Amino acid sequence: MSSVAVPFYQRRHKHFDQSYRNIQTRYVLEEYAARKAASRQAAYYESTGLGKTTCRLCARRARTLAHETMQESRKRTQEQKSHVSDEKRIRFASELSALEKEIHTARHRAREHLDRLAVQRMVEENMALERHIIEERISRAPEILVRLRSHTIWEKMSVSLCFTVQGFPTPVVQWYKNEELISPASDPTKYRIESKYGVHVLHINRADFDDSATYSAVATNIHGQASTNCAVIVRRFREEEEPHPAAIMPFHLPLSHDICFTHIDVQFLEKFGVTFATEGETLTLKCSMLITPELKRLRPRAEWYRDDVLLKDSKWTQLYFGEGQAALSFTHLNKDDEGLYTLRMVSRGGISECSAYLFVRDADALIAGAPGAPMDVKCHDANRDYVIVTWKPPNTTNESPVIGYFVDKCEVGLENWVQCNDAPVKVCKYPVTGLQEGRSYVFRVRAVNSAGISRPSRASEPVAALDPLDLERTQTIHVDEGRKIVIRKDDLEGDVQIPGPPTNVHASEISKTYVVLSWDPPVPRGREPLTYFIEKSMVGSGSWQRVNAQVAVKSPRYAVFDLAEGKPYVFRVLSANKNGISDPSEITEPIQPQDTIVLPSAPGQVVATRNTKTSVVVQWDKPKHEEDLYGYYIEYSVVGSNRWEPSNHKPIKYNRFVVHGLETGEQYVFRVKAVNALGLSENSQESEAVTVQAALTCPSYPHGITLLNCDGHSMTLGWKAPTYSGGSPILGYYIDKREANHQNWHEVNSSLITRTIYTV
């Protein structure tokens, strides 16, 4: 019998499949298994002693007994295995049942949670709808229930101004002093503002004479605004008046008003000179002086001027005077700070002053070749949602010409600057629309040329988006001291339903890219807030197009853009309130968008003359067309270098200027450019070359002649040297004398006196 060898990969496993073997192979395996079982059984018999039995009957019984024993053993083993499998089956069934129960519970809880969320969402939606309906029902513009009341107080006393306003949504209240926004953060010890349950209070702590002003409060929400104002008068007490009751101050402080000295002499010991600085730096101009006599209660007044404009403490300038020194500090220099600075010491004896020029050059550009920043940004004609922003163009000596400007706005108290115009505007004037009524804004300007965008200019002064006519529509009648009656013209006009059409519609400003329309509000206008709609029509078209279809205008002026160049237009305006829209106003005369100003012509002949060893005086003839000029820019160049440098970085208004900071002995030529809102003119012709040297002129007169001693036969005199030496040292002095009752003068000395003291 042949046997088939099992492959090696199947001999390693006990559970290999035998279905592929043939019948012969299977028979061999069964025979092998039977023999092996018989050998095991024989071995068992031998181990139990059955093999030694000689009786076949006994041996058969023994085998039968052994066979039964083995079957019982196998049965017990099978029973045990079946018992274990039953336990496993029962345990598996119980676990499966518990898992099904948990899944059912989780599904039930999830369904309950989803039901609760759906109910909660439905309730919130219903509540939001009801809240919206209620808010729409109770929404209204601010209404002042209790107005501000005027006060008359003494110095150093505190006063509280309060009023009550209602409206929904809750109005935002802003306080103004003489139309300037009050910010408690700027002076927390002076002002404190409280708002609670519709009652708004402005506390003024320890008022002084400068707090005498008209105070107004403006309440604003999305439906409109309301304002109220009052007057605060701070009185200074005289000798016969007491600022406090006698019970509080039983004693009387003597106040001496009779000062024996009526003349105060101010002598400058150290003066500030011509200064050069760069944008962004800090700087202090100082002057030390000797004041005679020095009295605490009668001191001279220090006044600082820039180009004859009085300066005050501000965010950019800080003034100081005391201990024989006057100082003007700049926290962050800008080209707006450039100019001629003058310190005037005003006293009963007269005025003493000193002056010097401050030059502020451009800071390094953020992009190479970009122009300098514009300057002198100002706001004009502010209204509820509109303001005109103007500025002056920078000098571009070594940069490519400016092609336009970007105007940015920012709400006061925030740092989020928003660009107002999408494309650069070419004129130094731009009407900004879309302001939020009742809010305050600041503006800045950036110049653009082919290289890039300049640094931003210094921010303008804050301007409030309010209608200036609101205060004019309020009339105050003084009944007696401390009492007055405030009457609003709206109350006298009665109940006006639909307003009348606006009047006097005209173009207040015409440009190549826009037209600014202005008009007068309808009379009577009623108590309800007014809005306006503007319509335009191209001459000959016969159709009208609404300009502001999306946003209603609240101000009586509006800038209309997107006009076809060279085409004439006519305009009309409609007024509206919550009751309806008026009839159109009268149609304007045809208006054609065009620039009303042109670039100035170049200045005339330029003449340069010697002044000092580092400066030259430059004079020139004004241009033929000098309308709307901002001023002039002066430039200089070393002869032969062909490199021009700017002298001033802010336009000057006069046709004479002293150029400082030149090298002694060098030869220079000069040229001038005129500036207006459209930009810079062509360069003037160059001046004749001039060498920088001190010019010799006559000295100024000696001053301060004083009698030092008199013994009946002689008088000893003293005096002060001239303020200006004329470019050369003083050689000496001649003295003249005359009798008091005669008019003829006689020389005292025939030879020069070299000292400033002499005995006659």
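Glu179 sits in the loop between strand S4 and strand S5, which covers residues 180-181. The model you are looking at is predicted, and in it the phi of Glu179 is near 70 degrees, a positive value in a residue other than glycine. Most residues other than glycine have a negative phi. Is Glu179 buried or exposed? Its relative accessible area is 59%, and exposed means over 50%, so Glu179 counts as exposed.

Asp308 also deserves a look. You will find Asp308 in the loop between strand S13 (301-306) and strand S14 (309-310). Asp308 is not a glycine, yet its phi is positive, about 65 degrees. Asp308 is exposed because its relative accessible area is 56%, over the 50% cut-off.

Here are the two residues with their values:

| Residue | Phi | Relative accessible area |
|---|---|---|
| Glu179 | near 70 degrees | 59% |
| Asp308 | about 65 degrees | 56% |

Now for a peptide bond. Most peptide bonds are trans. What is the form of the bond from Phe168 to Pro169? That bond is cis, with omega near -5 degrees. Pro169 lies in the loop between strand S3 (159-168) and strand S4 (172-177).

Why does Leu99 count as partly exposed? Its relative accessibility is 45%, which falls between the 20% limit for buried and the 50% limit for exposed, so Leu99 is partly exposed.

Key: Residues are numbered from 1 along each chain as its sequence is written. This is a predicted model: local features need pLDDT of at least 70, side-chain atom pairs count only at pLDDT 80 or more; totals for chains, interfaces and linings use all residues. Side-chain values use heavy atoms; hydrogens and water are left out. Buried means under 20% relative accessible area, exposed over 50%, partly exposed in between (1.4 Å probe, protein chains only). Helices (H or I, at least four residues) and strands (E, at least two) are DSSP runs, numbered from the N terminus.
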